[in-house]
Amino acid sequence: MTVPFILFFVFALTAIGGALLLILAREPIHSALSLILVMMSLAGLYLMLGAEFVAAVQIIVYAGAIMVLFVFVIMLLNAGVEERTDYSKMAKYAGIPLGILLLLDLAHWMAHSLIGRTPANGAGSANVMVSTRDLSVQLFQKYLFPFEATSILILIAILGALVLAKRDE
Amino acid sequence: MSVVPVSYYLVLSAVLFGLGVVAFVFKRNIITILMAIELMLNAVNLAFVAFARAWGQLDGLVFVFFVIVVAAAEAAVGLAIVIRIYQNRQSLNIERVNLLKF
């Protein structure tokens, strides 16, 4: 076991534990905090993959902005313990086995597709970072039109949120 | 110093996505269901970054930004809808929102 492997397993187990906590927690605020835990450990994994800028964006936008929005709404609506209802028989007897099957299939094929393959340009320079400059050149040249389109998307989302959340008089 | 194989990241991504699906199906609180969607988007992002690393190309990283933007827009609109539902039903339980349910 070398240092990258230990780091990977620490981050991976934290992420999986956070996801399990999200499912098991009964208060929405606990689910939100465990989701922040998942996002933080994913940011660590992005750093290990050499994507430093993505890691920073992950923490600032996801853990910072989006989750603050969630926590804000939870507190605004004073969301308490969620009600438990009887799950349908269908979900219990067909859903759980099929879900596990889907999970195993996904994991199997994803592992199979790149088995044992170490990251490219890993020979000798295992810890090379993707430079933010290259990334921004890619974003503003090859993907300029999708980038501009996302600004319209955000504008529409702002307008939609405003219209929806406005209390009619 | 050895490097963690990309397949490890992909398996973790698949596991997180599966847990997101489980949370999406089994949670009864609308806000938590939206959080499950965020979890699935995060799992997909991890796969994007891992593949970008494996092939040594930056396109996957650019797509991660687009996914984050879409997630932010989706969270804003989704939470506005949640507030609206709460005003109408006085409840966050998804079972109470069954007008279109067969």
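Which pattern does chain A follow when read along the sequence? In this predicted model, chain A follows the pattern α-α-α-α-α-α. It has six helices and zero strands.

**Chain A overall**

Of the 169 residues in chain A, 33% are buried. Among the contacts in chain A with a separation of 6 or more, 60% join residues 24 or more positions apart. Chain A exposes about 10300 Å², and carbon and sulfur atoms supply 73% of this area.

**Packing of H3(A) with H3(B)**

Helix H3 of chain A (residues 52-77) packs with helix H3 of chain B (residues 59-89) at an angle of about 5 degrees, and their axes are 11 Å apart. Because angles under 35 degrees count as roughly parallel, H3(A) is roughly parallel to H3(B). Residues of H3(A) in this contact include Phe53(A), Val61(A), Ile66(A) and Leu77(A), and those of H3(B) include Leu61(B), Phe65(B), Ala72(B) and Tyr86(B). By class, the contact has 23 nonpolar, no polar and no charged residues.

**Aromatic pairs**

Over all chains, the whole structure holds eleven aromatic pairs. In one, the ring centres of Phe8(A) and Tyr9(B) are 4.9 Å apart and the ring planes are at 80 degrees, so the pair is edge-to-face. This pair crosses between chains, from helix H1 of chain A (residues 3-24) to helix H1 of chain B (residues 6-26).

| Residue | Relative accessible area | Class |
|---|---|---|
| Phe8(A) | 3% | buried |
| Tyr9(B) | 2% | buried |

Phe8(A) and Tyr9(B) belong to one aromatic cluster, together with Phe5(A), Phe9(A) and Tyr8(B).

Methods: Residues are numbered from 1 along each chain as its sequence is written. Chains are lettered from A and ligands numbered from 1 in the order in which they are written. This is a predicted model: local features need pLDDT of at least 70, side-chain atom pairs count only at pLDDT 80 or more; totals for chains, interfaces and linings use all residues. Side-chain values use heavy atoms; hydrogens and water are left out. Axes are lines fitted to C-alpha atoms, for helices over the stretch in contact, and angles run from 0 to 180 degrees between N-to-C directions. Helices (H or I, at least four residues) and strands (E, at least two) are DSSP runs, numbered from the N terminus. Angles under 35 degrees count as roughly parallel, over 145 as roughly antiparallel, 65 to 115 as roughly perpendicular and the rest as oblique. Contact means heavy atoms within 4.5 Å. Ala, Val, Leu, Ile, Met, Phe, Trp, Tyr, Cys and Pro count as nonpolar, Asp, Glu, Lys and Arg as charged, and the others, Gly among them, as polar. Buried means under 20% relative accessible area, exposed over 50%, partly exposed in between (1.4 Å probe, protein chains only). Accessible areas come from the Shrake-Rupley method with a 1.4 Å probe; for residues, only the protein chains shown count as cover. Rings of Phe, Tyr and Trp (its six-membered ring) pair if their centres lie within 6.5 Å; planes under 30 degrees apart count as stacked, over 60 as edge-to-face and the rest as tilted.
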